[in-house]
Amino acid sequence: MLGTPEAEAGARRVGWGLWAHGPSNARRPGEGTSYVVPCKAEPQQIHVQPFLFVGEFLTCHQMKGIILAGGAGSRLYPLTLVASKQLQPVYDKPMVYYPLTTLIEGGIRELCLISTQADLPRFRQLLGDGSRFGLKIDYREQPRPEGIAQAFLIAESFIGRDPVTLVLGDNIFYGGDTFSRAHGEFKSGATIFGYHVNDPERYGVVDFDVTGKAVSIEEKPKQPKSNYAVPGLYIYDNDVVSIAQHLKPSARGELEITAVNMEYLRRGTLHVHRLARGFAWLDAGTSSSLHDASAYVQTIEKRAGVKIGCPEEASFRQGFVSLPELEKIVAAMPQCEYRCYLENEVVAEAKRPQ
């Protein structure tokens, strides 16, 4: 018995797979095939059993994620003498929790974290293999910082033949479901974002024609053509690996992410979403912006009573971990505000009669 007509369509051969009773993205990494038949169930109730799969195995490439948490951290000196920039606190959480949560909210479960040889052990200590978040986390060393696009060369074997989302480890996003929808709608090419700023000369800048179509991208231009900066989250199909392999270092000696985006623009496959007013993008790469980010997160959390950048909550709401698993995770935490939030706002809410 196959369970759905979709599973029987194009039947050509027989094989064994896994039937996951839960949301279509609730497959644990490494379990069976990447083909999961979606069905309706509570996100926290995932039961897996073998089933006889009759049908053509479709090529189903799962979006993977990369967190680039390397670099010298010179702009945060002397803080980075004792810990990586991405391990610095942003209010009540390590900085890396924020981009990690962004990827989880996008439904991504297989991640690669790239950092320096000195800092990788600290990231492993913090995140482990990812299983407590329902994730699978791979770690790769960045021998020396040579540009954002270097991430695709370092993580080439991790990416394989799949599409990939790259997020910078010092970027914090809050507000709306733009990224989640972009992941859900992504099919091919590249998807990046435009965010209105007052100082576009500090960033990669995208310009649009009168119809709203992107027509140019420049890296830190002295005379920007628009006020739309490109934030540090990029969604690419698998072509990004070969594009990165053929890049030449810029005048700064780096493999520029703008050059990758320009190649997709040249091919006509670059999609740019302008982020709406009310959406917040924070770059916590300097001492001042780190302080500003902490103040912003504190204000939102105190005012709204919700946490920004909480991977345990995001994993639970995505169905990556069950309610009993979440309770076990919370019980292992020391008594602190973070634990109280998960107990009183997430676990208690899930147990409340609907």
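Are tyrosine 234 and tyrosine 236 buried or exposed? In this predicted model, both tyrosine 234 and tyrosine 236 are buried, where buried means under 20% relative accessible area, exposed over 50%, and partly exposed in between (1.4 Å probe, protein chains only). Residues are numbered from 1 along each chain as its sequence is written. Because the model is predicted, local features need pLDDT of at least 70 and side-chain atom pairs count only at pLDDT 80 or more, while totals for chains, interfaces and linings use all residues, and side-chain values use heavy atoms, with hydrogens and water left out.

A search of the whole structure gives eleven aromatic pairs, a pair being two rings of Phe, Tyr or Trp (its six-membered ring) with centres within 6.5 Å, counted as stacked when the planes are under 30 degrees apart, as edge-to-face when over 60, and otherwise as tilted. One of these pairs, formed by phenylalanine 173 and phenylalanine 279, is tilted, with 6.3 Å from centre to centre and 45° between the planes. This pair links distant parts of the chain, since phenylalanine 173 belongs to strand E9 (residues 171-174) and phenylalanine 279 to the loop between strand E15 (270-274) and strand E16 (280-283), 106 residues apart; helices (H or I, at least four residues) and strands (E, at least two) are DSSP runs, numbered from the N terminus. Both phenylalanine 173 and phenylalanine 279 are buried. Tyrosine 234 and tyrosine 236, by their side, form a stacked pair, with 6.3 Å between centres and 10° between the planes, and ring pairs link Phe152, Tyr234, Tyr236 and Tyr264 into a cluster.

Glutamate 263 is found in helix H8 (residues 257-267). This glutamate 263 counts as buried because its relative accessible area is 19%, and its side chain makes a polar contact of 2.9 Å with the side chain of arginine 267. A polar contact is a pair of N or O atoms within 3.5 Å; within protein, one must be able to donate a hydrogen and the other to accept it, and residues adjacent in sequence count only if both atoms are side-chain atoms. In the loop between helix H7 (239-245) and H8 lies glycine 253, which is partly exposed because its relative accessible area is 43%. Glycine 253 and glutamate 146 are 107 residues apart in sequence, yet 6.9 Å apart in space, C-alpha to C-alpha.

Helix H2 (residues 97-105) is mostly covered, with eight of its nine residues buried, among them Tyr97, Pro99 and Leu103. Just after H2, glycine 107 takes a positive phi of about 85°.

The structure also holds two cavities of 30 Å³ or more. On a 1 Å grid over the protein atoms alone, a cavity is a set of points where a 1.4 Å probe fits but cannot get out, a pocket is an open set with protein on both sides within 12 Å along at least five of seven lines, and lining residues have an atom within 4 Å of a point. Grid points are joined across faces, edges and corners, and a volume is the space filled by probe spheres set on the points. The second largest cavity has a volume of about 30 Å³ and is lined by residues including Ile67, Leu100 and Cys112, with strand E6 (residues 110-115) giving the most to this lining, three residues. About 910 Å³ of space lies in the largest pocket; of the 39 residues that line this pocket, the closest to its centre are Arg75, Ile148, Leu168, Asp170 and Lys220.
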